[in-house]
Amino acid sequence: MESTLFQASIYLAAAVIAVPIAARLGLGSVLGYLLAGIVIGPVLHLVSHTDDLRHYAEFGVVMMLFIIGLELEPRALWDMRHRLIGLGGLQILLTLGAVTGLTMAFGLDWRPAVAAGMIFALSSTAIVLQTLSEKGLMQTNGGRGAFSVLLTQDIAVIPMLVLLPLLSGPLIALGSGTEITDDAGHGGHGMSLVEGLPGWGVALVTLGAIALIILAGVYGARPLFRYINAARLPEMFTAVALLIVVGIAFLMGLVGLSPALGTFLAGVVLANSEFRHQLEADIEPFKGLLLGLFFITVGAGIDFADFLREPLLLLGATAALILVKGAILHVLGGLFHLKGRDRMLFTLSLAQAGEFGFVLISFALQQNVLTEELGQRMLMVVALSMLITPALFILYDTLSAKLVEKAEPRADDRIDSQGPIIIAGIGRFGQIVNRLVQNSGFQTVVIDHDMQTIELMRNFGMKGFFGDPTRPELLHAAGIGKAKVLVAALDDPKATTKLVRFAKRIRPDLFVIARARDRTHVYELYQAGADKMVREMFDSSLRAGRYVLEEAGLTEYEAAAAEQTFYRHDRETMRELAELWDPGTHPAENPAYIKRSQELEKDLETALFAALEAQRRESA
């Protein structure tokens, strides 16, 4: 017991010390976990039996795939089919073919060569997604491309696990003429229901297990969750979430499959469930901790004794894998229109092997597809490539900072129409203004610097011009000299203020309505000369407050009176406070502003009580 607690303390202490340091140095949490594992394992020898612990730590990967599945509805998968089949499918096939050809060229039999191609075609979902999320790169084109490939790879593990048993048979050890019989290589790899079955039998059992998970998710999940919900005990939801993950992992283990793929399928099946968000919230804390533990065990499990016996071979194989895989990814990125930083991110983030390599190598050893010696070498290459991956992201950061995008900026449109109302900025704010005004029979001239938004407008038959609305020549071309109203609705607050200031300077009589980000931006726009300032969230927040008052006990008329009183008071006090606001001083350091703000807040309380009393007297 004391030994177990000591080991647990070492792992947790290593994570607590190393990960914050790595994050502060900009190295990312994954590299922190890996380095922590190396220090407490091969360097200081503070922990042992890392292989046993990795079986538990792999539940972090299992839970991560479950959560990814929950976030991907079947319809979303269908919408992504072009990238999944095209980009992801080509990456797997080309890498599989290249690795198979290279290993056969070095004398490996075709069956283990194909197995090696499958194993090295996969990348590390755990490391890549974690790092992309930490660096805020998930929503870039390169990040979305990498996610599509990773998702395809995760799905591809299913047919790989089906096909691997079909490759079993007498093996030839690399570099020797010794035949290895089917009895070799089974020891220590665990027991499953498929042992002893022929290849086609294993394939049938695999497909049956997958079908069982899908059917159970479709027909059994909702009754189970409704039964648990009836107990009104929050901890039961956590229990059932863990039961799903652990139960599927157990089922997959019985048939010799990857637990992560089983839970991923279950997550996709449950993505349409009304209990999806509850499941995600219950699993997330366990996932984060176990995923970190998984990375630590990868680092702690690196056997430097094996590495030092043939370092050049293992480093050369790892470098060759990254170069070959990177070359294929770079070409595919170009074919699928990824450019500059996005193409570099796509290439460097996926050039390693992944955690599913451990699963496939273990399964291939069980099925006598790989020799023990070859399997150990491949395990080392997978671990080394995963260890190098954070360094590839650091390389991306370094190169990305120096990279100058070569794309030529698109020329502004030639504005060939003018109107009494100019709308600068056609995002979610400007769109509503434009639709209301146009459908009321008035002509508008729309300008925006987002080409995608302008093209989307044109697809719906609405006219808009691409260009920077703060440029004087574009405003003159749009007819600012004769316009009656300018709506400044840009996303960037500084650009909005700049536009208002310029417009009022050349046309003091122009009526300017400006979109404000917050109260401070209102003051800036007031000083720039805007006639009306509309805070983004003010009206919607005010309406929500009215609904709260109605539910709290006020009548509909009383809540409406309170809303109108608050609106008028805020409009009146905003201009008064704007006169006291100093752009060079924080409001908390402006005594006059603070004093008047407190006085006006008391006035608001008095005004609200007076309005409610008046409304009640009228109702009586």
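User: Hi! Quick one to start: is His521 buried or exposed?
Analyst: Hello! In this predicted model, His521 is buried, because its relative accessible area is 3%, and buried means under 20%.

User: Nice. Which helix is His521 found in?
Analyst: His521 sits in helix 23, which covers residues 519–528.

User: And what is His521 in contact with, leaving aside neighbours within four places in sequence?
Analyst: With those set aside, His521 contacts Pro493, Thr496, Thr497, Arg515 and Ala516.

User: Let's zoom out. How many helices and strands does the chain have?
Analyst: The secondary structure comes to 26 helices and 8 strands. The chain has 620 residues, and 48% of them are buried.

User: What about contacts between residues at least 6 apart in sequence: what share joins residues at least 24 apart?
Analyst: For the contacts in that set, the share is 74%.

User: OK, helix packing. At what angle do helix 6 and helix 9 cross?
Analyst: Roughly 70°, and the axes of helix 6 (residues 81–105) and helix 9 (residues 141–163) come within 8 Å. That makes helix 6 roughly perpendicular to helix 9.

User: Left-handed or right-handed crossing?
Analyst: Helix 6 passes helix 9 in a right-handed crossing.

User: Which residues meet there?
Analyst: From helix 6 you have Arg83, Leu84, Leu87, Gly88, Gly89, Gln91 and Ile92. On the helix 9 side, they meet Asn141, Arg144, Gly145, Ser148, Val149, Leu151, Thr152, Gln153, Ala156 and Met160. Sorted by class, this contact has 7 nonpolar, 8 polar and 2 charged residues.

User: Now helix 11 and helix 13. What's the angle there?
Analyst: Helix 11 (residues 234–254) packs against helix 13 (residues 276–300) at about 75°, with the axes 9 Å apart. The two helices are therefore roughly perpendicular to each other.

User: Which residues make that contact?
Analyst: Helix 11 contributes Phe237, Thr238, Ala241, Leu242, Ile244 and Val245, while helix 13 contributes Gln278, Leu279, Asp282, Ile283 and Phe286. Their classes work out as 8 nonpolar, 2 polar and 1 charged.

User: Where is His45, and is it buried or exposed?
Analyst: His45 is in the loop between helix 2 (29–43) and helix 3 (50–57). With 61% relative accessibility, His45 counts as exposed.

User: And what about phi at His337?
Analyst: Positive too, at about 65°, and His337 is not a glycine. You'll find His337 in the loop between helix 15 (311–335) and helix 16 (340–349), where His337 is exposed with a relative accessible area of 67%.

User: What follows helix 24?
Analyst: Gly553, and its phi is positive, near 130°.

User: Last one: what does Met457 touch?
Analyst: Not counting residues up to four places away in sequence, Met457 touches Ile426, Asn434, Val446, Met462, Lys463 and Gly464. Met457 belongs to helix 20 (residues 451–459) and counts as buried at 5% relative accessibility.

User: How far is Met457 from Ile426, C-alpha to C-alpha?
Analyst: Those C-alpha atoms are separated by 9.0 Å, and the two residues are 31 apart along the chain.

Technical notes: Residues are numbered from 1 along each chain as its sequence is written. This is a predicted model: local features need pLDDT of at least 70, side-chain atom pairs count only at pLDDT 80 or more; totals for chains, interfaces and linings use all residues. Side-chain values use heavy atoms; hydrogens and water are left out. Axes are lines fitted to C-alpha atoms, for helices over the stretch in contact, and angles run from 0 to 180 degrees between N-to-C directions. Helices (H or I, at least four residues) and strands (E, at least two) are DSSP runs, numbered from the N terminus. Angles under 35 degrees count as roughly parallel, over 145 as roughly antiparallel, 65 to 115 as roughly perpendicular and the rest as oblique. A crossing is left-handed if the near helix is turned anticlockwise from the far one by less than a right angle, and right-handed if clockwise. Contact means heavy atoms within 4.5 Å. Ala, Val, Leu, Ile, Met, Phe, Trp, Tyr, Cys and Pro count as nonpolar, Asp, Glu, Lys and Arg as charged, and the others, Gly among them, as polar. Buried means under 20% relative accessible area, exposed over 50%, partly exposed in between (1.4 Å probe, protein chains only).
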